[in-house]
Amino acid sequence: MMNMNERIMVALDYPSAQEADHCVRLLEGTGVYVKIGMQLYYAAGPDYIRQMKDKGYSVFLDLKVHDIPNTARGAMQSLASLGVDMVNVHAAGGLKMMEAAREGLEKGTPSGQKRPLLIAVTQLTSTTEAMMNDELGIAGSVEDCVVQYAKLAKQAGLDGVVASPKEVPLIKEACGSAFLTVTPGIRPKGTDAGDQHRITTPSDAFKLGSDYIVIGRAITQAADPKQALHTILEEVKGSAN
Ligand SMILES: O=c1ccn([C@@H]2O[C@H](COP(=O)(O)O)[C@@H](O)[C@H]2O)c(=O)[nH]1
């Protein structure tokens with residue numbers, strides 16, 4: 001069983017490698033995972049991923065691939081060579097796209113290496129039920145849609161999904177306890193929700209059964225990021241499900 005720190009992913013949402021490095025220095029020795037998303041990857045590229053791997057971090061490359069199956073397959077084949085630990089696609093791309101992404105990842109993983117975990121974003125944690133119904137034209141509850149997407153991701157041979165912690169019990173019930181849940185939308189008590197809607201505190205997310213929690217601005221935009229990280233690590237101790 002992993003320790004709690006290994007189940008915390010810090011979202012390095014920064015505009016440059018230099019700015020991300022300020023935060024990375026605070027993470028040294030904590031054993032947390034790092035999540036590199038579009039902002040940092042498009043600015044700093046594959047070199048930054050290699051630097052994080054050389055420093056010993058587990059890396060979730062959060063590029064949310066969403067395209068036709070052939071393109072998703074090619075994208076994953078290229079990403080597989082970076083040595084990251086986890087990558088993702090949007091489940092809204094459908095079954096064939098997710099299968100193609102998995103195949104591309106398998107094909108691109110150098111022999112003798114483990115293929116990165118592949119997970120699918122269900123509904124973004126910034127999406128409310130009203131937005132989903134009225135803007136995206138998807139009827140029904142967010143929970144039903146998330147579970148439907150999770151089942152599809154499992155059918156495509158993926159390892160898990162991204163969802164709000166609030167949906168984790170339903171996902172585990174539908175897809176089994178080994179199916180991974182990676183949950184952003186984490187807000188420690190007293191922090192601003194900002195653009196996120198389906199949120200919980202770090203400890204509640206673990207109590208609901210999240211395998212990994214993703215935390216960005218509550219650390220990166222805090223007045224004292226080191227203290228913010230320390231407080232979160234203290235809060236989650238003992239809250240594992
Ligand atoms: O549904 C999703 C999928 C991905 N994210 C990403 O997680 C972090 C959250 O950052 P905060 O600052 O803690 O809100 C960010 O990188 C998103 O791109 C998500 O929030 N929701």
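Is the crossing of H3 and H4 left-handed or right-handed? In this predicted model, the crossing of H3 and H4 is right-handed. Helix H3 spans residues 69-79 and helix H4 spans residues 95-108. Their axes come within 7 Å and cross at roughly 30°. H3 is therefore roughly parallel to H4, since angles under 35 degrees count as such.

The contact draws on residues of both helices. H3 contributes Pro 69, Asn 70, Ala 72, Arg 73, Gly 74, Ala 75, Met 76, Gln 77 and Ser 78. H4 contributes Lys 96, Met 97, Ala 100, Ala 101, Glu 103, Gly 104, Leu 105, Lys 107 and Gly 108. By class, the residues of the contact of H3 with H4 comprise eight nonpolar, six polar and four charged.

An unreviewed UniProt entry places the feature "active site" at Asp 62, Lys 64 and Asp 67. Asp 62 is found in strand S3, residues 59-65. Lys 64 is also found in strand S3.

Contacts were then listed, leaving out residues up to four places away in sequence. Asp 62 touches Lys 35, Ile 36, Gly 37 and Asn 88. Under that exclusion, Lys 64 touches Asn 88, Val 89, His 90 and Val 121.

How values were computed:
Residues are numbered from 1 along each chain as its sequence is written. This is a predicted model: local features need pLDDT of at least 70, side-chain atom pairs count only at pLDDT 80 or more; totals for chains, interfaces and linings use all residues. Axes are lines fitted to C-alpha atoms, for helices over the stretch in contact, and angles run from 0 to 180 degrees between N-to-C directions. Helices (H or I, at least four residues) and strands (E, at least two) are DSSP runs, numbered from the N terminus. Angles under 35 degrees count as roughly parallel, over 145 as roughly antiparallel, 65 to 115 as roughly perpendicular and the rest as oblique. A crossing is left-handed if the near helix is turned anticlockwise from the far one by less than a right angle, and right-handed if clockwise. Two residues are in contact if their C-beta atoms, placed from the backbone, lie within 7 Å. Ala, Val, Leu, Ile, Met, Phe, Trp, Tyr, Cys and Pro count as nonpolar, Asp, Glu, Lys and Arg as charged, and the others, Gly among them, as polar. UniProt positions are given in the numbering used here, feature names are shortened, and annotations may be inferred rather than shown by experiment.
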